[in-house]
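This briefing covers helix packing and aromatic pairs. Keep the sequence and the 3D view open while reading.

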Amino acid sequence: MGMPFSPGPVVQRAILTSELQRLRQANGSTQEQVAGALDWSTSKLIRIEGGTVGVSTTDLHALLRFYGIQDGDPQIARLTEIARDARQRGWWTLYKNEVRPDYLKYIGYEAGASIIRSFQPLLVPGLLQTEEYANAVTIEFVSSQSQCDVVVEVRMRRQEEVFGRGDPPQVSMVMDEAVLRRRVGGQVDPGIMPRQLRHILDMIDKPHVSVEVIPFSKGAHFGMRGEFTVLEFGDPRVDDVLYLEPTGVTDLTIVEWDPRITDYRAAYENLRQLAMPPEAASAFIEEVIDSMT
């Protein structure tokens, strides 16, 4: 039997901050009142509740005592364990000096997601890219081969971690037909794109992966403004998170606790209405492979 799944430190921190905000509100205290009573700066509590810093065991227990949670209450052990997990280092922190912090935060959330919904207008989604396709794409967006190597290494590790989980997330991808038609890497090796498309077909065979394609015949649509991903989590204490990547592989906007998430969830479902059903998409991808070989 495998190890039980842990959502990872980024999601654990989100769970902890949600719990601490709930306890403070139930206590009827403002951040200023709590900070004053504990002889903290208000900014310290704001950072703790906002998840921008971790909370030590000593500070956590001080907060819980202020909120009236007595020694021996099982909440103390539960929240202490969550706080301990939230302070752990995810595998992605190995790249903190080479990869942008917002992208690393994305990886941390992705690691604990239960549902991943993504739309891609131009590129194969990172979770479905072959290594040779990833190299051919990434080198066009970075300044050196060494930087390209790091980005691709991280992308391959993401795939291993997400799909290697004991309970992998449901991954739903919608792509524009342009994703399939552009022969990425063709100047180096004409076989890169057909092999990439074959890999997508292999991934579709997994019960937790679906791929749908919007044909050119559907005309203009919302997704033409750029790629986006909505992450959902199995824990109700963690809100959905939206990621926007409108201009390339290195520009990433993280949107948390924002009304736009609802709009993008609806947009994703609207895009699915334009797409071929999964069975037709598989047959269409086969046709595109045949046209390239």
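**Helix packing and aromatic pairs**

Helix α10 passes helix α12 in a left-handed crossing. The model is a predicted one.

**α10 against α12**

- Helix α10 spans residues 192–204, and helix α12 spans residues 278–292.
- Their axes come within 9 Å and cross at roughly 160 degrees.
- Angles over 145 degrees count as roughly antiparallel, and α10 and α12 are therefore roughly antiparallel to each other.
- From α10, the contact takes in M193, P194, L197, R198, I200, L201 and I204. Facing them in α12 are S282, I285, E286, V288, I289 and M292.
- By class, this contact of α10 with α12 has ten nonpolar residues, one polar and two charged.

**α1 against α3**

- Helix α1 (residues 9–27) packs on helix α3 (residues 42–50) with the axes 7 Å apart. The angle is about 125 degrees.
- T17, L20, Q21 and R24 are the α1 residues of the contact. They meet L45, I48, E49 and G50 in α3.
- The contact of α1 with α3 divides into three nonpolar, three polar and two charged residues.

**Aromatic pairs**

- The structure holds eleven aromatic pairs.
- One of them joins Y106 and Y243, edge-to-face, at 4.4 Å centre to centre and 75 degrees between the planes.
- This pair links distant parts of the chain, with the two residues 137 residues apart. Y106 sits in helix α6 (residues 101–112), and Y243 in strand β5 (residues 241–245).
- Y106 and Y243 are both buried.
- F222 and F228 also pair, with ring centres 6.1 Å apart. Their planes stand at 80 degrees, so this pair is edge-to-face.
- Are F222 and F228 buried or partly exposed? F222 is partly exposed, because its relative accessible area is 32%. F228 has 2% relative accessibility, so F228 counts as buried.
- Which residues do ring pairs link into a cluster? The cluster holds F119, F222, F228, Y264 and Y268.

Methods: Residues numbered from 1 in each chain as written. Predicted model: local features only at pLDDT ≥ 70, side-chain atom pairs only at ≥ 80, totals over all residues. Heavy atoms only, no water. Axes fitted to C-alpha atoms, helices over the stretch in contact; angles between N-to-C directions. Helix = DSSP H or I, 4+ residues; strand = E, 2+ residues; numbered from the N terminus. Parallel < 35°, antiparallel > 145°, perpendicular 65-115°, else oblique. Left-handed = near helix turned anticlockwise from the far one by under 90°. Contact = heavy atoms within 4.5 Å. Nonpolar A, V, L, I, M, F, W, Y, C, P; charged D, E, K, R; others polar. Phe/Tyr/Trp six-rings, centres within 6.5 Å; stacked < 30°, edge-to-face > 60°. Buried < 20%, exposed > 50% of the residue type's maximum accessible area, 1.4 Å probe, protein only.
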